[in-house]
Amino acid sequence: MKIIKVNNYEQMSQKAAEIVLETVQEIAQPVLGLPTGSTPERLYELLVRTHQTEHVSFKNVRTFNLDEYVGLPVDSDQSYHYFMNEHLFRHLDIPENHIYIPNGQAENLEQECAAYETYIKQVGPVDLQVLGLGVNGHIGFNEPGTRFNERTHIVELEDSTSEANARFFKSKEDVPKLAVTMGIETILEAKRILLLVQGEKKAEILRKVIHEEMTEDIPASVLQRHANVTVITDIEI
Ligand code: GLP
């Protein structure tokens with residue numbers, strides 16, 4: 001793993017924006033894998049700003065989001081569809097049919113997972129997968145204990161995840177219990193992975209991810225196996 005040590009959130013976001021923009025500008029039909037959460041918010045702002053001021057076009061970009069809650073309407077302001085539209089997509093020139101986000105409202109969720117895998121096979125591989133890190137070591141919504149060979153699937157969220165994400169809802173009880181997430185095997189098929197981790201509350205888990213033996217109890221530790229991972233962090237490793 002290549003570690004880029006930065007001093008703060010702003011520097012992490014700027015460095016990440018540089019790498020995303022390189023991918024967008026150097027590859028003819030770039031495919032990005034994108035996360036939600038508070039970690040990438042500033043990165044998305046910087047991408048929007050570059051699009052607006054330097055006229056970098058995203059019209060050939062295709063995107064796959066990592067995950068979505070089950071049961072939230074896409075226009076609910078807690079859905080990841082809404083988050084991505086508000087923070088990124090509606091500000092860019094990316095065609096709507098280039099954007100893939102799992103449909104957490106699908107009647108048949110198993111079928112939705114299989115369809116998502118098919119889209120990734122047809123359009124991918126993902127050139128650059130951006131990831132955040134959950135406090136329990138999750139990536140996407142792959143909670144501790146998820147098998148490394150899982151592909152897109154339905155998950156039950158851990159209590160600690162519902163708690164961490166409750167800040168976006170009225171209360172912890174309002175956080176959906178289920179989500180659809182790209183699996184770990186799916187994530188590992190990206191050509192390059194960019195893991196963004198910021199803040200002292202993730203220091204302990206990040207050290208485990210990087211230094212401890214790979215284990216399904218710490219989903220992100222699987223990244224040790226991938227040949228092209230860059231971690232950008234303000235944490236002393
Ligand atoms: C959420 C998302 C993840 C995200 C993580 C960290 O539950 N499903 O994709 O990376 O938790 O969130 P944050 O960036 O807000 O700390």
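Guide: Happy to! Let us begin with a word we will need: angles under 35 degrees count as roughly parallel, over 145 as roughly antiparallel, 65 to 115 as roughly perpendicular, and the rest as oblique. Please keep in mind that this is a predicted model.

Now find helix H2, which covers residues 41-54, and helix H3, which covers residues 80-87. Their axes come within 9 Å and cross at roughly 40°. H2 and H3 are therefore oblique to each other. On the H2 side, the contact is made by Glu41, Tyr44 and Val48, while H3 brings Phe83, Met84 and His87. Sorted by class, this contact has four nonpolar residues, one polar and one charged.

If you follow the chain on from H2, you come to the loop between H2 and strand S3 (62-65), and His55 has its place there. Have a look at its backbone: phi of His55 is near 55°, a positive value in a residue other than glycine.

Next, let us turn to the ligand. There are 14 residues around it, and Ser38, Thr39, Asp67, Arg167 and Lys202 come nearest. For Thr39, an N or O atom in the side chain is 2.4 Å from an oxygen atom of the ligand. Lys202 also faces a ligand oxygen atom, with a polar side-chain atom 2.6 Å away. With Asp67, the ligand atom is a nitrogen, 2.9 Å from an N or O atom of the side chain. On its own, the ligand has 400 Å² of accessible area, and the protein covers 95% of that.

One last stop is the loop between helix H4 (109-123) and strand S6 (128-131), where you will find Pro125. The peptide bond leading from Gly124 to Pro125 is cis, with omega near 5°.

Technical notes: Residues numbered from 1 in each chain as written. Predicted model: local features only at pLDDT ≥ 70, side-chain atom pairs only at ≥ 80, totals over all residues. Heavy atoms only, no water. Axes fitted to C-alpha atoms, helices over the stretch in contact; angles between N-to-C directions. Helix = DSSP H or I, 4+ residues; strand = E, 2+ residues; numbered from the N terminus. Contact = heavy atoms within 4.5 Å. Nonpolar A, V, L, I, M, F, W, Y, C, P; charged D, E, K, R; others polar. Near = heavy atom within 4 Å. Polar contact = N/O pair within 3.5 Å; in protein donor to acceptor, adjacent residues only side chain to side chain. Areas by Shrake-Rupley, 256 points an atom, 1.4 Å probe, with all protein chains shown as cover.
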